[in-house]
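Subject: Structure handover

Hello,

Here is the structure for you to look over. My notes on what turned up follow below it.

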Amino acid sequence: MGCKEFFKPTIGKVILFLILMGGLNYLIISTTYVSDARIVIGSPLGFWPIGSFYLQSGDIPPIVEFSWVNFIIDIIFWYLISCGIVSLYRIIRKK
């Protein structure tokens with residue numbers, strides 16, 4: 001299997017990618033609760049800000065924003081994992 005075939009999108013790779021990227025990150029983000037802090041969360045790199053603050057008068061809340069760089073790295077990571085799982089499945093299925 002060459003690089004071109006390894007990275008070529010197929011239905012199986014796309015569905016597995018959506019399950020891994022969307023499903024796992026949704027589960028992690030929706031089940032995490034942070035009180036009186038603001039963090040970015042996701043897997044493997046945090047990209048989604050969650051949390052809240054208790055501000056006293058005159059305090060300025062720290063800025064924690066959505067991280068596009070981490071989000072793109074996560075997309076690449078989960079697509080590579082999907083490609084690896086599908087190619088490993090094809091190798092095992094042939095034997």
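Phe 66 is partly exposed, with a relative accessible area of 27%. Buried here means under 20% relative accessible area, exposed means over 50%, and partly exposed is in between (1.4 Å probe, protein chains only).

Before the rest, the ground rules. This is a predicted model: local features need pLDDT of at least 70, side-chain atom pairs count only at pLDDT 80 or more, and totals for chains, interfaces and linings use all residues. Residues are numbered from 1 along each chain as its sequence is written, and side-chain values use heavy atoms, with hydrogens and water left out.

Aromatic rings

Phe 66 pairs with Phe 71 in a tilted arrangement, 5.5 Å centre to centre with 55° between the planes. Phe 71 is partly exposed too, at 23% relative accessible area. Rings of Phe, Tyr and Trp (its six-membered ring) pair if their centres lie within 6.5 Å; planes under 30 degrees apart are stacked, over 60 edge-to-face, and the rest tilted. Phe 71 also pairs with Trp 68, edge-to-face, at 6.0 Å and 85°. Trp 68 counts as exposed, with 56% relative accessibility. Both Trp 68 and Phe 71 sit in helix H3, three residues apart, about one turn of the helix. Ring pairs join Phe 47, Trp 48, Phe 66, Trp 68 and Phe 71 into a cluster. The structure holds nine aromatic pairs.

Helix H2

Helices (H or I, at least four residues) and strands (E, at least two) are DSSP runs, numbered from the N terminus. H2 has 21 residues and reaches 29 Å from its first C-alpha to its last. That is close to the expected 30 Å, taken as 1.5 Å times one less than the number of residues. Its buried residues are Lys 13, Phe 17, Leu 20, Met 21, Asn 25 and Ile 29. They fall within an arc of 115° seen down the axis of H2, so they line one face of the helix. The arc uses the directions from the helix axis to the C-beta atoms. The face turned away from the buried side carries the exposed residues Ile 11, Leu 18, Ile 19, Tyr 26 and Thr 31. The buried residues of H2 pack against helix H1 (3-7), S1, S2 and H3.

The core

The largest nonpolar core has eleven residues, among them Phe 17, Val 34, Phe 47, Trp 78 and Cys 83. Such a core is a set of buried Ala, Val, Leu, Ile, Met, Phe, Trp, Tyr and Cys residues joined through side-chain atoms within 4.5 Å. H2 gives the most to this core, with four residues.

Asn 25 lies in H2 (residues 11-31) and is buried, at 4% relative accessible area. A polar atom of the Asn 25 side chain lies 2.7 Å from the backbone nitrogen of Ser 43. Ser 43 is joined to Pro 44 by a cis peptide bond, with omega about 0°. Pro 44 is in the loop between strand S1 (37-41) and strand S2 (48-52).

Phe 53

Where does Phe 53 lie? Phe 53 is in the loop between S2 and H3. Phe 53 is partly exposed, with a relative accessible area of 31%.

Best wishes

Conventions
A polar contact is a pair of N or O atoms within 3.5 Å; within protein, one must be able to donate a hydrogen and the other to accept it, and residues adjacent in sequence count only if both atoms are side-chain atoms. Contact means heavy atoms within 4.5 Å.
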